Amino acid sequence: MANPVIPESFRLDHKKVQAPYVRLAGIKETSKGDKIEKYDLRLAQPNQDAISTGAIHTLEHLLATYMRGHLDGVVDISPMGCRTGFYMVALGEPGPEKVLKAFQQTLHDVATYEGAIPGVSELECGNYRDHDPDGAKQWAKRVLEQGLHLQETIEISTEPQAENR
Ligand SMILES: [Zn+2]
C-alpha cells in the first residue's frame, strides 16, 4: 500500500472556522510555472448543519453553470462529502477577494433562479431524481443574508487541549 498523505483539509480546525466563508486552501505550481489555487466555499457550519443531498446536488449544477461566468480559470467545483460546502479549483491566481465576489454573484444567480435546473435528466445527470431547487435557493439566500467572509486557515493545535491536561 502506498504511504498515506494527509490532505491539507484534515488539519483544518473545523470547530474554529465560522461559516459561511471562502478560504484559500492552497496554491500549487505546475512544472511550467502555472499556478493553481484551491478553495473551500463553505455554506454550512461544520458539525452543526448540513445541506440536504437534493439541495447540494442542485447547488452543484447551478454553481457549475454560473460560477464560470463570474470567474475566469475555474477548473472544478465539487461538493464536500460532509455536505457543508464545495471545493473549487481555479487556474491562475484569482485570489480570495475575487473568488469571494464571484461566489456572492453566483449565489445571487442561484437565489433568483427561475426555470428548469440545467443538466437534470437521465441522460445528463447521475442521479437526476435527487434534486431540490427550492432547498438550493434557500441556502443561497441564507448565505447571502448571513454574509460571506474570508476565512483564514486555522490549523488543529498540536498543543494538548487544556481540558485534557
Ligand atoms: Zn447531477
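Is Asn 47 buried or exposed? Asn 47 counts as exposed, because its relative accessibility is 74%, where exposed means over 50% relative accessible area, buried under 20% and partly exposed in between, computed with a 1.4 Å probe on protein chains only.

The points below concern a predicted model, in which local features need pLDDT of at least 70 and side-chain atom pairs count only at pLDDT 80 or more, while totals for chains, interfaces and linings use all residues. Residues are numbered from 1 along each chain as its sequence is written, and side-chain values use heavy atoms, with hydrogens and water left out.

1. The zinc site. The zinc ion is coordinated by NE2 of His 57, NE2 of His 61 and SG of Cys 125, at 2.1 to 2.3 Å. Donors here are N, O and S atoms within 2.8 Å of the metal (3.2 Å for Na, K and Ca), and since water is not among the atoms, sites may look incomplete. Along the sequence, the donor residues follow the spacing H-x3-H-x63-C. His 57 and His 61 are separated by about one helical turn because they are four residues apart in helix α1, which covers residues 53-66; helices (H or I, at least four residues) and strands (E, at least two) are DSSP runs numbered from the N terminus. Both His 57 and His 61 are buried.

2. The packing of α1 with α2. Helix α2 covers residues 96-111 and packs with α1 at an angle of about 120 degrees, their axes lying 10 Å apart. Axes are lines fitted to C-alpha atoms, for helices over the stretch in contact, and the angles run from 0 to 180 degrees between N-to-C directions. The helices α1 and α2 are therefore oblique to each other, given that angles under 35 degrees count as roughly parallel, over 145 as roughly antiparallel, 65 to 115 as roughly perpendicular and the rest as oblique. On the α1 side the contact (heavy atoms within 4.5 Å) is made by Leu 59, Leu 62, Leu 63 and Tyr 66, and on the α2 side by Phe 103, Thr 106, Asp 109 and Val 110. By class, this contact of α1 with α2 has six nonpolar residues, one polar and one charged, where Ala, Val, Leu, Ile, Met, Phe, Trp, Tyr, Cys and Pro count as nonpolar, Asp, Glu, Lys and Arg as charged, and the others, Gly among them, as polar.

3. The packing of α1 with α3. Helix α3, residues 133-146, packs with α1 at an angle of about 75 degrees, with the two axes 7 Å apart. That angle makes α1 roughly perpendicular to α3. Ala 55, Thr 58 and Leu 59 of α1 meet Pro 133, Gly 135, Ala 136 and Trp 139 of α3, and the residues of this contact divide into five nonpolar, two polar and no charged.

4. Two buried residues. Asp 40 has its place in strand β2, residues 35-42, and counts as buried because its relative accessible area is 0%. Not counting residues up to four places away in sequence, Asp 40 touches Leu 12, Tyr 21, Val 22, Arg 23, Ala 25, Met 80, Phe 86 and Tyr 87. Met 67, in the loop between α1 and β3, also has 0% relative accessibility and counts as buried. Beyond residues up to four places away in sequence, Met 67 touches several residues, including Val 74, Ile 77, Phe 103 and Thr 106.

5. A partly exposed strand residue. Val 75 lies in strand β3, residues 74-79, and counts as partly exposed at 44% relative accessibility. Leaving out residues up to four places away in sequence, Val 75 touches Arg 68, Val 89, Ala 90 and Leu 91. Val 75 and Lys 38 are 37 residues apart in sequence, and their C-alpha atoms are 9.8 Å apart in space.

6. Backbone points to check by eye. Most residues other than glycine have a negative phi, and most peptide bonds are trans. The peptide bond from Ala 19 to Pro 20 is cis, with omega near 0 degrees, and Pro 20 is found in the segment before β1 (21-29). Asn 47, in the loop between β2 and α1, has a positive phi near 65 degrees. Arg 83, in the loop between β3 and β4 (85-91), has a positive phi near 60 degrees and counts as partly exposed at 31% relative accessibility.
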